[in-house]
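Notebook open, structure loaded. I want to go through the charged pairs and then look at the helices and the surface.

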Amino acid sequence: MDKDRIAGSAKEFAGKVESAAGGIADDTTSQAAGRARQATGAAQNLYGQAKDAARDASDAAVSYAKDAYENSGDSFRDGSQAIATKVQENPLSAMLIAGGIGFALALLMSRQPRRVPARSRFYG
């Protein structure tokens, strides 16, 4: 809990008391001051709630990021082990797939660049 929330709640309560006391004594100045203090306390309380919510959200984001970072090595290892197992089970298929990927990359790298057609200029 944030200190702004505590101070805001205290100001809000004090404003309610002051406003009620002004109402009993028929003092409009005290009532107005109490309502102003109550509004100030409510605003400070909301500010503290927003700070708490932002702190909680950032803590949750940091926690999720740490978990993802810690588990990323495990996921990579699991994936590489699965690929290694598939290659060991089907070496011919793995070689054909690797050859096909290499051939496709070679075709992409050796293509002639496209020529941009020349533009004709019209002068008016």
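Predicted model: local features only at pLDDT ≥ 70, side-chain atom pairs only at ≥ 80, totals over all residues.

I started with Glu18 and found it in a salt bridge with Arg37, where the closest N and O atoms are 3.6 Å apart. The pair links distant parts of the chain, as Glu18 is in helix 1 and Arg37 is in helix 2, 19 residues apart.

Next I asked how many salt bridges a search of the whole structure finds. The search gives 4.

I then looked up Asp4. Its side chain meets that of Lys51 in a salt bridge, 2.9 Å from N to O. Asp4 lies in helix 1 (residues 3-24) and Lys51 in helix 2, so this pair ties together parts that are 47 residues apart in sequence. Asp4 counts as buried at 13% relative accessibility, whereas Lys51 counts as partly exposed at 28%.

Arg5 came next. I have its side chain in a salt bridge with Asp52, 3.0 Å from N to O. Arg5 lies in helix 1 and Asp52 in helix 2, so this pair also ties together parts that are 47 residues apart in sequence. Arg5 is partly exposed, with 23% relative accessibility.

Is Asp52 buried or exposed? I get a relative accessible area of 8%, and the cut-off for buried is under 20%, so Asp52 is buried. I also noted a polar contact of 2.9 Å between the side chains of Asp52 and Arg55. Arg5, Asp52 and Arg55 are linked in a network of salt bridges.

I stayed on helix 2, which covers residues 28-89. At 1.5 Å a residue, the 62 residues of helix 2 should span 92 Å, and the end C-alpha atoms are 89 Å apart, which agrees. Helix 2 does have a kink of about 30°, centred on Asn71.

Last stop was the surface. Ile97, Ile101, Leu105, Leu108 and Met109 form a nonpolar patch there, and I noted about 580 Å² of accessible area for them together. I placed Ile101 in helix 3, residues 91-110.

Note on methods:
Residues numbered from 1 in each chain as written. Heavy atoms only, no water. Patch = residues over 30% accessible without salt bridge, like charges linked within 9 Å, V, L, I, M, F, W, Y side chains within 5 Å. Areas by Shrake-Rupley, 256 points an atom, 1.4 Å probe, with all protein chains shown as cover. Helix = DSSP H or I, 4+ residues; strand = E, 2+ residues; numbered from the N terminus. Polar contact = N/O pair within 3.5 Å; in protein donor to acceptor, adjacent residues only side chain to side chain. Expected span 1.5 Å × (residues − 1). Bend = angle between axes of the 7 residues up to and from the residue. Buried < 20%, exposed > 50% of the residue type's maximum accessible area, 1.4 Å probe, protein only.
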